[in-house]
Amino acid sequence: MIELDERTSAIRRRAREWARDLRPLALELDRDPEAIRRHLDVPIVTYLSRMPVPAEYNPDPIVVDGYSFYGTGTLERVVFAEEIAVGDAGVLLAAPGPVISGVLMESLGDDEQKEWFYSRILERPTWTFSALTEPDRGSDAGAMRTALAPDGAGGYLLTGAKRYIGGAARADLGIVFARTRPGPLGVTAVLVETSAKGFRAEPLDTVGLRGLQIAAVDLDEVPVPPGRVLGRHLKPTQRGMWSAVQGLNRLRPGVAAFALGIARAAHEYVRDGRRALTAGERDRQDRIGRRITAVRQLVWRSAVAVDAGDRAAGYLASAAKARASRLAEDAALEALACFGPGARLEHPLLDKLARDARGVEFMEGTADIQKLNLFTGLVQGRLRRA
């Protein structure tokens, strides 16, 4: 069993306090994802706007019980994310900040690029994005068509399209993966400012996790200065898709934590709203409660493995994400069943939890993708069976 130390327990307690303030915002943000701009002074949103920014670039971290927090540790992030998602996963995903792009920047950026990027983040609330997935091709690097080509004057032009990109329509800057040449080493990543000529992002309508405001992105010869090409100081094998995979491995436990928080929210909704359960309902809710406890340990284990640089980290993260996503849907549907046929109309917050639970399934790879990754780890002997 993994137990939290006092430092991580402190941020967990603070996150739990903040989460109570989010419930009134949940349905407002579900109706209008842009409502997040009216709540930038909410403490949790202020914190998320600066997470993760490493200590060397962040002179003013949040301090809880004497501990400074920068949001750079994976276990710290998943513990925090679970508690906030109990309040509302939509606010967590809608808030400004560099959560996904920041993890990639830490892997791919040189000192000059990090200084520029993080100074922009700390200057004011700044939305960012990361763009890998393409229309009709998903995240298959071999099929990627977005291209980065020399412009003849020392810079580059970025041309192509991305789809299902969280926050791109409201972002100021982001990281885009593109191809410079054929082959597995031909993928690279660049920093892009959304104010640049040729960049266009349009929100896509979604059923769940509407606060994320996923978008379709068109790139029509977007100019990219040479200093915005990431990974220049790294070996060719450590740029592009290798770093993207490493970044996904670090982020996936956090997505599992979102799902875990949604499951808890649904479970607690039943506890608070149905004082008298039938024997069958009570048994099913008890089973959901035990699964929440078990999946939490798996999520924490995957986060510890990521922080330790364990070679099994990516496979554990896949297992955690697949289990947590399934749990979120089961918990939400069981909760709806406890309130009868009209539950979705009579309990709009519970309806939102069910829609959000389904949305998490498609974040950072569906369950089938996670199972394929997990199977690869088992076959190659990189993951123990017990």
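Select Leu251 to begin: leaving out residues up to four places away in sequence, it touches Val99, Ile100, Val103 and Glu364. You are looking at a predicted model, so keep that in mind as we go.

**Around Leu251**

Colour helix α7, residues 240-273, and you will find Leu251 within it. Is Leu251 buried or exposed? Its relative accessible area is 10%, under the 20% cut-off, so Leu251 counts as buried.

Glu364 sits in the loop between α11 and α12, the latter being residues 367-379. Check its backbone: phi is positive, about 55°, although Glu364 is not a glycine.

**The three domains**

Next, colour by domain. The domain assignment gives domain 1 as 6-123, domain 2 as 128-230 and domain 3 as 241-380. With domain 2 and domain 3 shown together, their centres, taken over C-alpha atoms, are separated by 29 Å. How many residues of each are in contact? Nine from domain 2 meet seven from domain 3. Between them these two domains bury about 690 Å², and 78% of that is on carbon and sulfur atoms.

Over residues 131-222 the chain is 48% strand and 0% helix, and the C-alpha atoms at its ends are 14 Å apart. For residues 239-373, the UniProt annotation, again from an unreviewed entry, reads "domain: Acyl-CoA dehydrogenase/oxidase C-terminal". Here the span is 84% helix and 0% strand, with its end C-alpha atoms 21 Å apart.

**Into the cores**

Switch to side chains. The largest nonpolar core has 96 residues, and Ile44, Phe80 and Leu158 have the most contacts inside it. Which helix gives the most to this core? That is helix α4, residues 74-94, with 13 residues. Centre the view on Phe80: setting aside neighbours within four places in sequence, Phe80 is in contact with Ile11, Ala15, Trp18, Ile44, Tyr47 and Leu48. Another core, of 21 residues, lies apart from the largest one; Leu173, Ile175, Leu191 and Ala244 are among its members. As background, nonpolar side chains tend to be buried together in soluble globular proteins.

**Along strand β9**

Move on to the strands and select residues 214-224, which form β9. Strand β5, residues 156-166, pairs with β9 in the antiparallel sense over eight bridges. To line up this pairing by eye, pick Ile165, which stands opposite Ala215 in β9. Strand β8, residues 199-203, is also antiparallel to β9 and is joined to it by five bridges. For that pairing, pick Arg200, which stands opposite Asp218 in β9.

Between β8 and β9 there is a loop, and Leu209 lies in it. Leu209 has a positive phi, near 50°, in a residue other than glycine. Where does its side of the story sit, buried or exposed? Leu209 counts as buried because its relative accessibility is 5%.

Select Ser302, which is placed in helix α8, residues 279-308. Its relative accessibility is 0%, so Ser302 counts as buried. What surrounds Ser302? Apart from neighbours within four places in sequence, it is in contact with Pro253, Leu316, Ala317 and Ala320.

Then go to His347, in the loop between α10 (343-346) and α11 (348-360). With a relative accessible area of 17%, His347 is buried. Not counting residues up to four places away in sequence, His347 touches Tyr269 and Phe339.

Finish at Pro52, in the loop between α3 (43-48) and β1 (62-64). Show the peptide bond from Met51 to Pro52 and read off omega: it is near -5°, and the bond is cis.

Notes
Residues are numbered from 1 along each chain as its sequence is written. This is a predicted model: local features need pLDDT of at least 70, side-chain atom pairs count only at pLDDT 80 or more; totals for chains, interfaces and linings use all residues. Side-chain values use heavy atoms; hydrogens and water are left out. Helices (H or I, at least four residues) and strands (E, at least two) are DSSP runs, numbered from the N terminus. Buried means under 20% relative accessible area, exposed over 50%, partly exposed in between (1.4 Å probe, protein chains only). Contact means heavy atoms within 4.5 Å. A nonpolar core is a set of buried Ala, Val, Leu, Ile, Met, Phe, Trp, Tyr and Cys residues joined through side-chain atoms within 4.5 Å. Two strands pair if DSSP finds at least two bridges between them. UniProt positions are given in the numbering used here, feature names are shortened, and annotations may be inferred rather than shown by experiment. Domain bounds come from an automatic or database domain assignment. Buried area is the accessible area (1.4 Å probe) that two parts lose on being put together, summed over both.
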